[in-house]
Amino acid sequence: MITWSSLFDTSWPKIAQILIVLALFFGFYGIAFAAGARVRGKAQNKLALVLFLGPAIVLALTGLGIPAIQTFIESFKNADSSQWIGFANYTHAIKDPDTRLAFVNTMLWIVITPVIATSIGLALATMLNKMKREALAKSLIFMPMAISFVGGSLIWNLMYQYQEPNRPQTGLIGQIFMWLHLTPQHVLLWSPWNNFFLMAVYIWGTTGFGMVILSAAIKNIPKEIEEAAQLDGASGFRLFRTITVPMVKTTIIVVLTTAMVGTLKLFDVIHTMTGGNFKTDVLSNRMFDEIFVYLNNGRGSALAVLIFLGVLPITYYNIRSIRAERNH
Amino acid sequence: MLKKKGLGVAAAVAAIALVATVFTTSSASAAGCDAYSKWKGTGTVKVFAGIRDPEATIMEGVFQQFTLCTGIKIAYEATDQFETLLPVRVKGGNAPDIAIIPQPGLVTTMVNTGKAVPVTAAVLKNIDTYYNPAWKTFTTVKGKVYGAPFGASSKSLVWYSPAQFKKLGVTAPKTWADMEAIAAKFKAAGATPWCAGIESGAATGWPATDWIEEMVLRELGPDQYNKWWKGELKFSSPEILGVLNKVAAWLGTSAQVGDLKSVATRRFQDAGVPGLKDGTCGMLQQASFYASMFPAGTKFGPGKDADAFYLPATNTKFGSPIEGGGEFPVAFSKRKEVGFVQDYLSSPVYGTPRAALGGWTSANSGIPLSSYKDPVLKVVAASLQAKKGAIVFDASDLMPTAVNGAFWKEMTKFYAEGKSMKDVAAAIDANW
């Protein structure tokens, strides 16, 4: 007998499971649309609404809404969620020195990385604008976006690799130190500077994103304005400061806030490169450690809630800026 | 889990070839099935573990004979995220039939979910017949036994290069003082006496916790050791703090292990390779599974490419205690086939052919020592098989997960950040 659970039995090949789910999905929608096409008049509108919105709402609720509520509830419970313990997880998050360090580092990340990534992105977008082979240069800068952060982190880990001075250097950074007749450093252990070496990886990976969006915005600046400014004698940096930046201001804000939300959720770089050791821990890695290493569901959930609360105002501002842009 | 992927690469190559011969001979003769006659069944038993290739391939090769004789299929699935995934699966109602769990602490966690099933009478009989009574205690929760021992390893070993020892004119030491003398000779010859590396991804720091455990066992004895992992003896107690400082003097100074920060970032796999062979560092305290880290073709044994000796006792009060590690197949289903597989895995019927393929040891005394071809593994197996004498389990793996995690992280801080052992102890204690 075929039961629901047997369809998802792990002894089936994965590809068969995927095909079954896809067949179910398209089968259901085929029938639903066929039926929907026969309905005429006012009912058609309502049916379309249900057909299109229904699954999205169900998926958003089961995949996002319910887990979010559950996380919120579990943040007030103990390690295995069997007892209510009030705000103990939150007070622990504030008092625990390791978690506090993660807070401080996360703040550093939010303030520094988006600003640098966006600034470099803006500078590149302006400089590359109307340059020869612009597309080629842009694709090269955009390339790291195509690599996952785990892959990127592994590459950078090799570049940062430390070897004692009397041994052949295997990391690029160590070799540069040698060429400059300096003693190679454990860059990943060099607190607090190691945070910046980790940020470099993230900036390397996200600058391309900002550049592409800003470049599109710059290309949208009406030529007349630029020409008028040039006729008035503005050029170079002045043109950039008085025309380009104000004209793409909303885009800059969107890029900045998106990068901020990204850094608040930053996990892969830290997890892959230092595992949160050497005073480089951030909130999301701490959350992972609490849940999966220390098996403390309550503390992990509390951190998840705190991260969510941190993302909320930024996301709100982000959405408002995008709306303002649209109405513009 | 990272600690138990015990297998020599060289052995693996040979083993795969051997597996092939096992198939051909066994399928030809039904006589090979005598030992399996008490198990008959149908269907598939799903086994989930963190044991991956090359060990997994060899294991599945041995399972073939079981399936051939009993009709029970074993579907084996391995992942490097075992400790993370098992609780998720069990909680989600998707538990495997059998999970091979390397940490007694995790066994307890799984039992507390109410989904794990105690072992069958046949498995219990295996444990009583073949194993040192200590093994039973590792998976006993509220008076019931949940795990049948499977593979086992000894952590109380020191790896060395016989060629380098010969150069210094020394042989494998029998006492702690002799070992210290050899360390001093390495130092005098310009080498770092001890090889050390504790980087291990998310579990960075665990090799250092092993050093502490060895020293607690040697200095304070098995009784205090057991009190310690149960939390009755705090890290900041004068006894344990004294041991922490002893380890700091043994493997925590740059005179003994070289640059301390490098210890924190060096992968544990690379700690003794190629350092031992080229003589840049002298000795490496690491478990028996470290054999698999040596390059393919390495020959083990006295006078060969690499060898290991028992980490000597520091005093005569407690004999020669051993710190062991091991895996425990725990059942999540009451089907009779699942019980059969558990029975099979804890019996010599699995152990003897598996031991013959190399790169694996067990504490099962039903496996003839002659099955172990590798001299190092033979020494390890003999010490693990001893029915008397103190065998303790990896203490950090027995501690609650939060304490274990803090233990790793704080030991890493000792090496990477120069945190004092006193502060390390206090920080770990805060997690009880």
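A residue is buried if 20 or more other C-beta atoms lie within 10 Å of its own, exposed if 12 or fewer, and partly exposed in between, with C-beta atoms placed from the backbone. A nonpolar core is a set of buried Ala, Val, Leu, Ile, Met, Phe, Trp, Tyr and Cys residues joined through C-beta atoms within 7 Å.

The model is predicted: local features need pLDDT of at least 70, side-chain atom pairs count only at pLDDT 80 or more, and totals for chains, interfaces and linings use all residues. Residues are numbered from 1 along each chain as its sequence is written, and chains are lettered from A and ligands numbered from 1 in the order in which they are written.

**Exercise 1. Identify the residues that touch the most other members of the largest nonpolar core, and list the contacts of Val158(B).**

Step 1. The largest nonpolar core holds 186 residues. Those touching the most other members are Leu214(A), Ile98(B), Ala99(B), Val158(B), Trp159(B), Val330(B) and Val341(B).

Step 2. Two residues are in contact if their C-beta atoms, placed from the backbone, lie within 7 Å. With neighbours within four places in sequence left aside, Val158(B) contacts Met283(B), Leu284(B), Gln285(B), Ala308(B), Phe309(B) and Leu311(B).

**Exercise 2. Describe the contact between chain A and chain B.**

Step 1. On one side stand 15 residues of chain A, and on the other 20 residues of chain B.

Step 2. The chain A side that touches chain B comprises eight nonpolar, five polar and two charged residues. Here Ala, Val, Leu, Ile, Met, Phe, Trp, Tyr, Cys and Pro count as nonpolar, Asp, Glu, Lys and Arg as charged, and the others, Gly among them, as polar.

**Exercise 3. Classify the packing of helix 14 of chain A against helix 15 of chain A.**

Step 1. Helices (H or I, at least four residues) and strands (E, at least two) are DSSP runs, numbered from the N terminus. Axes are lines fitted to C-alpha atoms, for helices over the stretch in contact, and angles run from 0 to 180 degrees between N-to-C directions.

Step 2. Helix 14 (residues 283–293) and helix 15 (residues 297–327) of chain A have axes 7 Å apart, at an angle of about 160°. Helix 14 of chain A is therefore roughly antiparallel to helix 15 of chain A. Angles under 35 degrees count as roughly parallel, over 145 as roughly antiparallel, 65 to 115 as roughly perpendicular and the rest as oblique.

Step 3. This crossing of helix 14 and helix 15 of chain A is left-handed. A crossing is left-handed if the near helix is turned anticlockwise from the far one by less than a right angle, and right-handed if clockwise.

Step 4. The contact of helix 14 with helix 15 of chain A has seven nonpolar, three polar and three charged residues.

**Exercise 4. Repeat the analysis for helix 9 and helix 10 of chain B.**

Step 1. The axes of helix 9 (residues 206–230) and helix 10 (residues 238–251) of chain B come within 8 Å and cross at roughly 165°. Helix 9 of chain B is therefore roughly antiparallel to helix 10 of chain B.

Step 2. Helix 9 of chain B passes helix 10 of chain B in a right-handed crossing. Its contact residues include Trp211(B) and Trp228(B), while those of helix 10 of chain B include Val243(B) and Leu251(B).

Step 3. By class, 11 nonpolar, one polar and three charged residues form the contact of helix 9 with helix 10 of chain B.

**Exercise 5. Determine how helix 5 of chain A lies relative to helix 12 of chain A.**

Step 1. Helix 5 (residues 97–128) and helix 12 (residues 249–264) of chain A pack at an angle of about 140°, with their axes 9 Å apart. Helix 5 of chain A is therefore oblique to helix 12 of chain A.

Step 2. The crossing of helix 5 and helix 12 of chain A is right-handed. Their contact has 11 nonpolar, five polar and no charged residues.

**Exercise 6. Examine the backbone at Pro192(A), Lys279(A) and Lys142(B).**

Step 1. The peptide bond from Ser191(A) to Pro192(A) is cis, with omega near -5°. Pro192(A) belongs to the loop between helix 8 (172–179) and helix 9 (193–219) of chain A.

Step 2. Lys279(A), a residue other than glycine, has a positive phi near 60°. Lys279(A) is buried because 20 other C-beta atoms lie within 10 Å.

Step 3. Lys142(B), also not a glycine, has a positive phi of about 50°. Lys142(B) counts as exposed because it has 9 C-beta neighbours inside 10 Å.
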